[in-house]
Amino acid sequence: MLEIDSSKGEGGGQVVRSSVALSAITGIEAKLTRIRENRPTNGLSKQHCIAVKAVADMTGSEVTGNYTGSRELLFKPGNSRTSDIKLDIGTAGSISLVLQAVMLAGRNHDTMLRVDVRGGTNVMWAPPIDSYQQILFPLMERMGINARLEIIDRGFYPEGGGRVIAELEPINRISPLVIDTLGTLKRVEGVCYIQHLKDRIKDEMIASCIDALGAECSVNIDVQRMNGNSKGAGMSLVAVYENGRLGSSVLTTKGHPAKQAGEDIAKDLLKEIGSGATMDIHTADQLLPYMAMADGPSEFTVSRISRHLLSQMDTLETFLDVRFGVERKGNVYNLTVTPGEKK
């Protein structure tokens with residue numbers, strides 16, 4: 001049994017999500033202690049509990065201590081497989097973060113995994129669900145992993161109520177991913193989503209975004225209006241290159257009006273483009289486990305090394321035979337992922 005100090009590194013929910021998924025994949029029993037000890041609210045949140053329960057249910061695993069506020073968790077991996085699951089976070093808790101654990105835990109499934117989940121699709125401090133469609137899934141496809149999702153309704157803070165249906169085909173061989181250069185910029189595209197708000201908001205956001213991007217960076221923005229039980233608006237952009245993808249996202253709030261939000265997302269994307277990195281740190285966090293289980297070494301660059309990225313590397317080295325290399329090259333950090341023979 002592995003004992004994992006969950007307060008190390010970024011000390012948040014990522015350690016929990018990755019650990020239970022990797023425990024289910026490898027068959028190694030794991031005990032997590034000091035969960036979110038350094039956060040304002042200690043222990044598991046409802047969102048974390050839903051992710052843990054989902055991984056346990058879909059893999060026939062046993063779990064002890066999976067309740068809100070719990071600071072310790074014991075996960076005993078099982079051998080059965082359930083391929084059609086429904087989840088309801090019950091709040092605006094992030095759907096994308098729950099899917100992060102569930103889809104990784106689906107590594108050993110030999111039938112199509114289908115996940116119907118309700119919660120928050122576009123919320124603070126979590127990847128927007130759109131980034132899965134725009135960036136994560138296309139890069140996973142290059143590794144031989146086929147996933148897709150459909151956004152039924154959007155879910156915003158505080159009500160949530162969004163709904164997403166995600167599917168993951170059985171994963172066989174995982175190919176390494178090497179992105180040492182992005183190559184030529186092919187296009188910039190995006191989605192502006194709005195739910196139960198006036199059209200003026202999306203019009204202002206799109207106009208200010210296009211203006212801030214400038215004439216040299218034209219963008220095609222799709223507008224999505226949905227009818228979930230919460231209200232909100234935002235935008236998600238992706239710059240598509242020959243060899244990779246870079247993204248940016250934004251949400252509107254009372255303190256962050258539409259015009260400013262449109263300008264900010266454009267500036268953020270231009271900053272990513274100008275950074276020299278071949279992958280953003282949020283995508284790197286999510287792709288790293290699959291790289292660690294690939295059939296060869298992967299390589300990419302990021303603009304900075306976040307605590308989340310360091311924590312992910314530490315967790316993966318705990319469960320898998322994998323080595324990570326980090327080297328500063330000019331303004332970026334070059335990361336190498338070298339899996340061992342045991343996976």
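Predicted model: local features only at pLDDT ≥ 70, side-chain atom pairs only at ≥ 80, totals over all residues.

Modeller: Helix α4 crosses helix α7 in a right-handed sense. Residues are numbered from 1 along each chain as its sequence is written, and side-chain values use heavy atoms, with hydrogens and water left out.

Two packed helices are described by the angle between their axes and the distance between the axes. Take α4 (residues 129-142) and α7 (residues 281-292): their angle is about 25°, and their axes lie 11 Å apart. (Axes are lines fitted to C-alpha atoms, for helices over the stretch in contact; angles run from 0 to 180 degrees between N-to-C directions.) The two helices are therefore roughly parallel. (Under 35 degrees is roughly parallel, over 145 roughly antiparallel, 65 to 115 roughly perpendicular, and the rest oblique.)

Which residues of α4 and α7 meet? From α4 come Tyr132, Ile135, Leu136, Leu139 and Met140. From α7 come Thr283, Gln286, Leu287 and Tyr290. By class, this contact has seven nonpolar, two polar and no charged residues. (Ala, Val, Leu, Ile, Met, Phe, Trp, Tyr, Cys and Pro count as nonpolar; Asp, Glu, Lys and Arg as charged; the others, Gly among them, as polar. Contact means heavy atoms within 4.5 Å.)

Now follow α4 to another partner. Helix α3 (residues 95-105) packs on α4 at about 45°, with the axes 9 Å apart. That makes α3 oblique to α4. Their crossing is right-handed. On the α3 side, the contact uses Ile95, Ser96, Leu97, Leu99, Gln100 and Met103. On the α4 side, Ile129, Tyr132 and Phe137 take part. The classes here are seven nonpolar, two polar and no charged residues. Notice Tyr132: this residue of α4 meets α7, and Tyr132 is also listed in the contact with α3.

Next, follow α7. Helix α7 lies across β13, β14 and β15, running at about 165° to β13. Those three strands form an open sheet in the order β13-β15-β14, with antiparallel pairing. The edge strands are β13 (298-302) and β14 (322-329), each pairing on one side only. From one strand to the next, the twist averages 20°. Strand β14 pairs with β15 (residues 332-339) in the antiparallel sense, over eight bridges.

Another helix pair is worth a look. The crossing of α1 and α8 is right-handed. In α1, the contact residues are Gln14, Val15, Ser18, Ser19, Leu22, Ser23 and Thr26. In α8, they are His308, Ser311, Gln312, Thr315, Leu316 and Phe319. By class, the contact has four nonpolar, nine polar and no charged residues.

Strands β1 and β2 run parallel, joined by four bridges. Glu3 stands opposite Lys31 in β2.

Two local details now. Most residues other than glycine have a negative phi, and most peptide bonds are trans. Arg36 is not a glycine, yet has a positive phi of about 50°. Arg36 is in the loop between β2 (30-33) and α2 (46-59). The peptide bond from Tyr157 to Pro158 is cis, with omega near 5°. Pro158 is in the loop between β7 (147-153) and β8 (162-168).

Finally, step back. The chain has eight helices and 15 strands. (Helices, H or I of at least four residues, and strands, E of at least two, are DSSP runs numbered from the N terminus.) The C-alpha atoms fill a box of roughly 55 × 45 × 40 Å along the principal axes.

Note on methods:
Left-handed = near helix turned anticlockwise from the far one by under 90°. Pairing = 2+ DSSP bridges.
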